[in-house]
Amino acid sequence: MKKRGMTAVLLLSFILPCQALADSPDFKDVTDDFWAEAEIEYLAQQEVISGYSNGNFHPNNTVKRSQAAAMIVEALELQVDDRPDPRFTDVGEDFHAYRAAAAVKEEGIMSGKDGAFMPNESLTRGQMAAVINRSFLLTQEKDTDYFRDVNEADAFYDDIQAVAQAGIANGYEDRTFGPNDEVTRAQFAVFLARAMDSGQFVNPDRTTYSNARFGFEVTYPEAWPEGEEAANGDGKILYETGQSTIRAYGTHYMESQAPDLYDYEEVALYNGNPAYYKTTRSEGMIEFDLVRITDEMEYHVNGEVTEAFYSENGDHLRDTIYSLDTSDASAVEAHAAADKALEDLKNEDMSAFASHVHPEEGVRFTPYAHVDPDEDQHFTQSEAEELWDDNTSYEWGYYDGRGNPINTTFSDYYDEFIYDRDYLNAAQTSVNKRIGPGNTVDNTEDIYPEAEIVEYHFEGEQEEYAGMDWSSLRLAMKKEDGGWYVTGVIHDEWTI
């Protein structure tokens, strides 16, 4: 973020009638577990704040507009001499913050209302956003509405969006910002520290959890004490300490077990995908659940955290929640659908397998990697249903190396070119990535450009064949009207 003359540390005591304490004071009313302790300590070490002569900071007192003006002047190293008279009706030259008020008015940071500066009025969160945005020249890149109580017609809409995107102000757990709420000393200390040192307080190093089973990713702070990935591979605990736990996981969508979205509100993830969000508060704990549902999958980022954790980490939590990316979900969905179709093939149940065959395009069977639409046998959904009992001898192609035609019934072709190994329990599987290292030209993606190619692979086992006795079965899966269907069954092995 760009800042105006951001080289000085802020020297102030919030313009309160008190005696400044020694450098880097330990405030009696700011304990180590206080939600804003780190930011307050940082500002104290930088001689930005000093607190009261009795050793207290009074973090819950509100910040006055005159105090905010003085802070910004010092933070930005604004010259206060020879400024034009601001002509505020309520701020005379003998007022303690007169020069600060004159400086922030000329800089366009704080202008007052109807000719008055209102120096003793408390700063609101909306005003705070404007002051911070104008002072530090924040930039906006994401087009996201962060808060449900702030809309484009609001006076401070752009400012609030800017401080939210910059991670300076994260709002409340119910996705409200509270633009008219008064800002406390602790809150302002947090906002100011984040604006001054985003590297320390806003942008921690982040890591990405990628889930292979359900095809989603979530980013979260690297420093979070994390848990283990679930044994079944459906997700991971991203944060686990004391009473606070945050998790991300996926599951197969089942309408009967899916959450009732009546109490959820629709939100947009950072990548623009729709999702639903719900939060509740009870006895000092905040429970939240973000859910995204696709045709086949259901994804969650949820948990329960203490109010203290949320107050300090709300922005990091928000970024974690809205970072959910399910762009790999189609591959996972296709793989799951292919598994079901392959199970029916394993069970030699062509009637059940036919339900997985594309209703319009049917299914094509190919004995080797190279697909030949003119020569390979093709069947409609209804024809596939009767194949197991069909005694017709079809020409399926030509044997590699010999050139003889493959003339056989479906059941015999099945034994040699479909389920010659237990592919449902194959050691390796992939989606859209060929595993079998054959020398036959693989044109599967050219023939099935709109399909996800799911491969089941066995490596060679016999030493005398030097690994050349490998084999693969590939299913070309195409999505249609929310469902996944088989359009091609391709067998592959080493060829001469």
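Helices (H or I, at least four residues) and strands (E, at least two) are taken as DSSP runs and numbered from the N terminus, and two strands are said to pair if DSSP finds at least two bridges between them. The structure is a predicted model, in which local features need pLDDT of at least 70, side-chain atom pairs count only at pLDDT 80 or more, and totals for chains, interfaces and linings use all residues. Residues are numbered from 1 along each chain as its sequence is written, and side-chain values use heavy atoms, with hydrogens and water left out.

Six strands form an open sheet in the order 3-4-8-7-6-5, with antiparallel pairing. Strand 3 (235–241) and strand 5 (265–268) are at the edges and have a single partner strand each, so one side of each is left without a neighbour in the sheet. From one strand to the next, the twist averages 20°; axes are lines fitted to C-alpha atoms, for helices over the stretch in contact, and angles run from 0 to 180 degrees between N-to-C directions. Within this sheet, eight bridges join strand 4 (residues 244–252) to strand 8 (residues 297–306) in the antiparallel sense, and Arg-247 has Asn-302 of strand 8 as its bridge partner. Helix 8 (residues 307–322) lies across strands 3, 4, 5, 6, 7 and 8, and runs at about 165° to strand 8.

Strand 9 (residues 363–366) pairs with two further strands. Strand 10 (residues 377–379) is joined to strand 9 by three bridges and runs antiparallel, with Phe-379 as the bridge partner of Val-363. Strand 16 (residues 483–493) pairs with strand 9 in the parallel sense, also over three bridges, and Val-489 stands opposite Phe-365.

Definitions and conventions. Contact = heavy atoms within 4.5 Å.
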